[in-house]
Amino acid sequence: MKISTDIKPVSYLKLHSADLLNQVNETHRPVVITQNGEPRAVLQDADSYEAMRATLGLLKLLTQAENDVRDGNTVPQDQVFKNVEALLAK
């Protein structure tokens, strides 16, 4: 993050919204919007946002899988293949 270009006050957003949109779409870096010197929002291009959401979804699945393994909620590989073969045979 480049402090001089990636953190802007809300007043800058009001006056230069098109410029900020161009910046985030060209650089794919988010811009932190501040209000009274405090971070209040993040402006991000749509492609980066979608990629972040997909990544978070995968991390959630990995966490759930790790919890299943830790808790012993697993099925042996040979049983999984037998189950799949049985489903495909229907």
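Predicted model: local features only at pLDDT ≥ 70, side-chain atom pairs only at ≥ 80, totals over all residues.
**Entry 1: strand β2**

Is β2 largely enclosed by the rest of the structure or open? I looked up its residues and found four of the five buried (under 20% relative accessible area, with exposed meaning over 50% and partly exposed in between, using a 1.4 Å probe and protein chains only). That is why I call β2 largely enclosed by the rest of the structure.

Residues are numbered from 1 along each chain as its sequence is written, and side-chain values use heavy atoms, with hydrogens and water left out.

**Entry 2: the overall layout**

I listed the elements next, taking helices (H or I, at least four residues) and strands (E, at least two) as DSSP runs numbered from the N terminus. The protein chain has five helices and three strands, and from the N terminus on they run α-β-α-α-β-β-α-α. The radius of gyration (taken over C-alpha atoms) is 23 Å, well over the 12 Å that the globule rule (2.2 Å times the number of residues to the power 0.38) gives for 90 residues, so the protein chain is more spread out than a compact globule. I also noted that the C-alpha trace spans about 65 × 30 × 20 Å along its principal axes.

Buried residues make up 12% of the 90 in the chain. I then checked contacts (heavy atoms within 4.5 Å). Among those between residues at least 6 apart in sequence, 33% join residues at least 24 apart.

**Entry 3: how the strands pair**

I went back to β2 for its partners, counting two strands as paired if DSSP finds at least two bridges between them. Strand β1 (residues 7-9) pairs with β2 in the parallel sense over three bridges, and there Ile7 stands opposite Val32 in β2. On the β3 pairing, I found β2 and β3 antiparallel over five bridges, with Thr34 opposite Pro39 in β3.

The hairpin of β2 and β3 has two residues between the strands, and Asn36 takes a positive phi near 55° there. Asn36 is exposed, at 77% relative accessibility.

His28 is partly exposed, at 43% relative accessibility.

Arg29 forms a salt bridge (a side-chain nitrogen of Lys or Arg within 4 Å of a carboxyl oxygen of Asp or Glu) with Asp6, the closest N and O atoms being 2.8 Å apart. Arg29 lies in the loop between α3 (17-27) and β2 (31-35) and Asp6 in helix α1 (residues 3-6), so the pair ties together parts that are 23 residues apart in sequence. Asp6 is buried at 0% relative accessibility, whereas Arg29 is partly exposed at 25%.

I then looked at Gln23, in helix α3, which is buried at 17% relative accessibility. Leaving aside neighbours within four places in sequence, I found Gln23 in contact with Thr5, Asp6, His28, Arg29 and Val31. Both ends of the Arg29 and Asp6 bridge are on that contact list.

**Entry 4: the other salt bridge**

How many salt bridges does a search of the whole structure find? I got two. Besides the pair above, Arg70 forms one with Asp71, and their closest N and O atoms are 3.6 Å apart. Arg70 is exposed at 59% relative accessibility, and Asp71 is partly exposed at 48%.

**Entry 5: a nonpolar patch**

Last, I looked up surface patches, which are made of residues with over 30% relative accessible area and no salt bridge; like charges are joined within 9 Å, nonpolar side chains (Val, Leu, Ile, Met, Phe, Trp, Tyr) within 5 Å. Tyr49, Met52, Leu56, Leu59 and Leu62 make a nonpolar one of about 470 Å². Leu59 sits in helix α4 (residues 46-70) and is partly exposed at 45% relative accessibility.

Terms used. Areas by Shrake-Rupley, 256 points an atom, 1.4 Å probe, with all protein chains shown as cover.
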